[in-house]
Amino acid sequence: GRVLVVFFCLSFFHGFSQSKNTLHLDVIKNYGIKLDGGCSYFTLDSIPIESNNFIFIVSSKDIGFFTINNKNVYLKRTKRNRLNKDQYTDIFLGNDYEVRLKIKKVGKFDDYYSLFQGTLQVKQNDKECLLKIHGKVGEL
C-alpha cells in the first residue's frame, strides 16, 4: 500500500506543476542564418501568415529554429515520417531540444509556397509545449 501512495503523490505533484514546465516560444525577430528559396515558415493558427510573425522556420538545408528567451535555438532535421504525399512529421534535434512538426498540406499559399497546417511540439527535458500552427512551405 505504501508504494502506491508514494507513486500517487509523485504523479499528483508532477501533474500539478505542469504549468511551470510550459515552454513559451517568441516570434522570431532575427533569423541569424541565411535563408533562401525552399524555406518553410510557421506561426500560430490564430495569427495570419501574412503578418510574418513566425515561431518556427525550416531552412532549405533542413535546419529548423525558434526563439526562446530572446535566443535562437537551431536544430537539425533528423527524420521525416511521411504518411502520404501531403502529410508528414519531421523530427528535429539539437541543443537539448526535440521538435516534432506534424503537418498536412491544405492548399496553395501563392506561386512559390504551399499552405500547411498541423502541430508543433517542442520538448526540453521535462518542459514542453504543443501548439496548433499553420504556415507556408516553399516549393523548390
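The protein chain contains one helix and eight strands, where helices (H or I, at least four residues) and strands (E, at least two) are DSSP runs numbered from the N terminus. The model is a predicted one, in which local features need pLDDT of at least 70 and side-chain atom pairs count only at pLDDT 80 or more, while totals for chains, interfaces and linings use all residues. Residues are numbered from 1 along each chain as its sequence is written, and side-chain values use heavy atoms, with hydrogens and water left out.

Read from the N terminus, the elements follow the order α-β-β-β-β-β-β-β-β. Of the 140 residues of the chain, 34% count as buried, a term that stands for under 20% relative accessible area, with exposed meaning over 50% and partly exposed the range in between (1.4 Å probe, protein chains only). Among contacts with a separation of 6 or more, 47% are formed by residues 24 or more positions apart, a contact being defined by heavy atoms within 4.5 Å.

The largest nonpolar core has 22 residues, of which Phe42, Phe56, Phe66, Leu101, Leu120 and Val122 touch the most other members; such a core is a set of buried Ala, Val, Leu, Ile, Met, Phe, Trp, Tyr and Cys residues joined through side-chain atoms within 4.5 Å. Two or more residues of this core come from each of strand S2 (56-58), strand S3 (63-68), S4, S5, S6, strand S7 (113-124) and S8, and S6 gives the most, with four residues. Apart from this core lies another, of eight residues, including Cys39, Tyr41, Phe54 and Tyr113. When residues up to four places away in sequence are not counted, Phe42 touches Phe54, Ile55, Phe56, Val58, Leu101, Ile103, Phe116, Ile133, His134, Gly135 and Val137.

The largest pocket has a volume of about 340 Å³. On a 1 Å grid over the protein atoms alone, a pocket is an open set of points where a 1.4 Å probe fits, with protein on both sides within 12 Å along at least five of seven lines, and lining residues have an atom within 4 Å of a point. Grid points are joined across faces, edges and corners, and the volume is the space filled by probe spheres set on the points. The lining comprises 21 residues, and Ser40, Arg80, Tyr88, Val137 and Gly138 lie nearest the centre of the pocket. Strand S1 (40-44), strand S4 (71-84), strand S5 (87-94), strand S6 (97-108) and strand S8 (127-138) each give two or more residues to this lining. By class, the lining has eight nonpolar, five polar and eight charged residues, where Ala, Val, Leu, Ile, Met, Phe, Trp, Tyr, Cys and Pro count as nonpolar, Asp, Glu, Lys and Arg as charged, and the others, Gly among them, as polar.

Thr89 is placed in strand S5 and counts as buried at 11% relative accessibility. Asn21, found in the loop between helix H1 (2-16) and S1, is buried as well, with a relative accessible area of 13%, and, leaving aside neighbours within four places in sequence, Asn21 is in contact with Asp126, Lys127 and Glu128. Ser60, in the loop between S2 and S3, is partly exposed, with a relative accessible area of 28%. The C-alpha atoms of Ser60 and Asp36 are separated by 7.1 Å, although the two residues are 24 residues apart along the chain.
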